[in-house]
Amino acid sequence: ASVARGRGEGGREGGGWESDGGAGRRGAEATVEIAAAGAGEDAATGETRRVIKRRVPKRYRHPQLDRAIRRERTVAEARLTSEARRAGVPTPLVYDVDVPAATLTLQHVGDRDLAADLDERWTTAVGRHLARLHGAGIVHGDPTTRNVRIERRGERDARATLIDFGLAYHTSHVEDHAMDLHVFEGSVRATATEPNPLIEAFEAGYAEAGDGDVLDRLRTVEGRGRYR
Ligand SMILES: Nc1ncnc2c1ncn2[C@@H]1O[C@H](COP(=O)(O)OP(=O)(O)O)[C@@H](O)[C@H]1O
Ligand SMILES: [Mg+2]
């Protein structure tokens with residue numbers, strides 16, 4: 001059995017930061033389906049649940065070009081998801097890449113997203129994860145509260161996993177790294193009623209593991225925003 005969780009052409013609707021469709025943000029281009037654990041797998045823990053992410057054709061693109069783009073992005077997302085994981089950033093395992101069908105099969109992670117459980121502990125963890133990701137020369141590209149999955153294992157023990165590497169790319173430019181922080185903070189501000197402690201915790205997490213120049217640049221990015 002599977003539950004369709006995809007968003008169609010009109011994706012990213014439903015309010016908040018994700019629907020703002022601002023400069024440089026693409027519309028949803030994938031459908032996501034959660035496949036339940038099959039026979040012989042542990043349905044109780046959800047340990048073997050899979051997420052099937054399929055890039056859907058876009059009619060406004062030439063069919064051949066459209067196919068090429070979807071394949072390319074599927075491969076890039078698989079690579080960057082795994083590369084981040086090898087760099088020590090929690091991301092889903094990539095179980096399969098079906099290039100002709102532009103489809104990824106990923107490990108299902110977490111039991112909720114960060115938007116549903118905004119807590120300083122998790123934002124600190126996201127800061128550390130982004131710092132480590134940037135240290136490996138990768139930016140996430142869309143680090144919103146919906147692209148962080150939270151898994152609570154016990155009272156204290158929890159894990160924050162980064163998902164959705166569809167807009168990720170390689171870069172070591174401070175400005176690109178700062179943009180990741182800016183996007184995350186914008187997303188927290190759009191979600192939380194009292195965002196400041198969450199953002200301070202996020203920046204403290206980033207400072208622990210990351211480059212201070214990126215935080216300095218973030219202040220410049222914010223300064224520019226104010227005069228737009
Ligand atoms: N590996 C995963 N584990 C659990 N949920 C996931 C996973 N991948 C995607 N999802 C769910 O599906 C949603 C959409 O997937 P995502 O990769 O973020 O694609 P989109 O580009 O549409 O934002 C996520 O916000 C999350 O709720
Ligand atoms: Mg997403």
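Mentor: The expected span of a helix is 1.5 Å times one less than its number of residues. Keep in mind throughout that this is a predicted model.

Trainee: What makes the reach of α3 close to the expected one?

Mentor: Helix α3, residues 174–191, has 18 residues and reaches 26 Å from its first C-alpha to its last, and because the rule of 1.5 Å a residue also gives 26 Å for this helix, its reach is close to expectation.

Trainee: How do you know how α2 and α4 are arranged?

Mentor: Two packed helices are described by the angle between their axes and the distance between the axes. For α2 and α4, the axes come within 7 Å and cross at roughly 35°, and the crossing is right-handed. Residues making the contact include Val126 and Leu130 of α2, with Leu198 and Phe202 of α4; by class, the contact has nine nonpolar, five polar and three charged residues.

Trainee: Which residues have a pLDDT below 50?

Mentor: The mean pLDDT of the protein chain is 86, with 81% of residues at 70 or more, whereas over residues 1–25 the pLDDT is below 50, although this stretch has 46 contacts in the model beyond near neighbours in sequence.

Terms used. Residues are numbered from 1 along each chain as its sequence is written. Chains are lettered from A and ligands numbered from 1 in the order in which they are written. This is a predicted model: local features need pLDDT of at least 70, side-chain atom pairs count only at pLDDT 80 or more; totals for chains, interfaces and linings use all residues. Side-chain values use heavy atoms; hydrogens and water are left out. Helices (H or I, at least four residues) and strands (E, at least two) are DSSP runs, numbered from the N terminus. Axes are lines fitted to C-alpha atoms, for helices over the stretch in contact, and angles run from 0 to 180 degrees between N-to-C directions. A crossing is left-handed if the near helix is turned anticlockwise from the far one by less than a right angle, and right-handed if clockwise. Contact means heavy atoms within 4.5 Å. Ala, Val, Leu, Ile, Met, Phe, Trp, Tyr, Cys and Pro count as nonpolar, Asp, Glu, Lys and Arg as charged, and the others, Gly among them, as polar. pLDDT is the predictor's confidence in each residue, from 0 to 100.
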